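Please open the structure in your viewer and keep the sequence panel beside it.

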Amino acid sequence: MKTILIPVDFTSTSDNALEFALAWCRDFEYNHIILLKTFHASIFENILPSTEYIHVSQEHRKDDMEMLRKRSQIFIDQSAPVIKVSIVASEKTLLHSIIDMLEGGKIELIVLGSDHIGHTEKSFISSQIIEIAKASPVNVLIVPSTSKFQVIQKVLVPVDIQSMGFLERLEKFGVKLTKRPDRELMILNVDANENYLVRDEAFERNENSLHSYLKNFQHEVYYANDKNIIQGIINFLNKHPADLIVALPGKHSFLYSLTHKSISEALYRDAPKPVLILKQ
């Protein structure tokens, strides 16, 4: 059973990610959605409990669980019996709750809603995206609050063409993606040094290897010389609309191991399209 995990916090950003995930399930043949709600109390709440606080906390939890059940029922009404919907409540932090859920080995994708730049309602889940993406051993799909699902036809994959370490993972993803013959991969190399203009023997070898790996998929390779990688990606999207951005993991990803928080946040908050971080 192909399973998606979706943390929820009842903000419009989170609700949008839920709707997006349901459409994703249909398009990519997932058949199980798990909605995760955490009820983690801070250390101060545990040290200084009061009767009033405990009462409010219990009422708040009861209300949240009712909201969670209502959301799951909406999904069930829309998708049953093709897609199963489950709900899980946890007392741990969001990150620890997700890690616990992943230990079972059945979840293939985490879907997270992201507050787009200028979004006024703040999602707690959105503030945890980088930590979750770094810790997750499975693919992570980040959905901007302004993004609505469209059939995935064009996929943008920013790469460092001088490193071929990404090709195996990209090929594996391409097989899943291109079950539909009308889907196309747009490979983008953002290089401020314009090494692609020199095209020495090593560059030609790497480019030929890229085309060889992707020979069974519709694809095209593009080059850009923007000094800022994120701006280069956004500029490219303005000229070549895409339905999805794919981030390859590791040193040669444009997110560089997700440790450069400012770069990661810039993409999540500025990019107008969903970002899929490949881990598998």
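Helices (H or I, at least four residues) and strands (E, at least two) are here DSSP runs, numbered from the N terminus. This is a predicted model, in which local features need a pLDDT of at least 70, side-chain atom pairs count only at pLDDT 80 or more, and totals for chains, interfaces and linings use all residues. Residues are numbered from 1 along each chain as its sequence is written, and side-chain values use heavy atoms, with hydrogens and water left out.

Begin by selecting Ser126, which is found in helix α5 (residues 124–127). Is Ser126 buried or exposed? Its relative accessibility is 7%, so Ser126 counts as buried; the term buried means under 20% relative accessible area, exposed means over 50%, and partly exposed lies in between (1.4 Å probe, protein chains only).

Next, colour the model by pLDDT, the predictor's confidence in each residue, from 0 to 100. The protein averages a pLDDT of 78, and 76% of the residues score at least 70. Among the elements, strand β1 (residues 3–7) has the highest mean pLDDT, 95, whereas helix α2 (residues 43–47) has the lowest, 45. Over residues 42–48 the pLDDT is below 50, and this stretch has 2 contacts in the model beyond near neighbours in sequence, where contact means heavy atoms within 4.5 Å.

Return to β1, where 5 of its 5 residues are buried. Thr3, Leu5 and Pro7 point one way from β1, while Ile4 and Ile6 point the other way. In a regular strand the side chains alternate between the two faces of the sheet.

Then select strand β2 (residues 32–38), which runs parallel to β1 and is joined to β1 by 5 bridges; two strands pair if DSSP finds at least two bridges between them. Ile6 stands opposite Leu35 in β2, and the chain crosses from β1 through helix α1 (residues 12–28) to β2 in a right-handed β-α-β crossover, a term meaning that, with the strands pointing away from the viewer, the path from the first strand over the helix to the second runs clockwise. In β2 itself, 7 of its 7 residues are buried, with His32, Ile34, Leu36 and Thr38 pointing one way and Ile33, Leu35 and Lys37 the other.

Strand β3 (residues 84–90) is parallel to β2, with 7 bridges joining them, and Lys84 in β3 is the bridge partner of His32. Strand β4 (residues 107–114) is parallel to β1, with 3 bridges joining them, and the bridge partner of Ile4 in β4 is Leu109.

Finish with the nonpolar cores, each a set of buried Ala, Val, Leu, Ile, Met, Phe, Trp, Tyr and Cys residues joined through side-chain atoms within 4.5 Å. The largest core has 43 residues, and those with the most contacts inside it are Ile6, Trp24, Val111 and Leu141; α1 gives the most to this core, with 8 residues. Select Leu141 to see what it touches beyond four places away in sequence, including Phe20, Trp24, Val111 and Leu276. A second, separate core of 30 residues includes Ile142, Leu237, Ala247 and Ile277.
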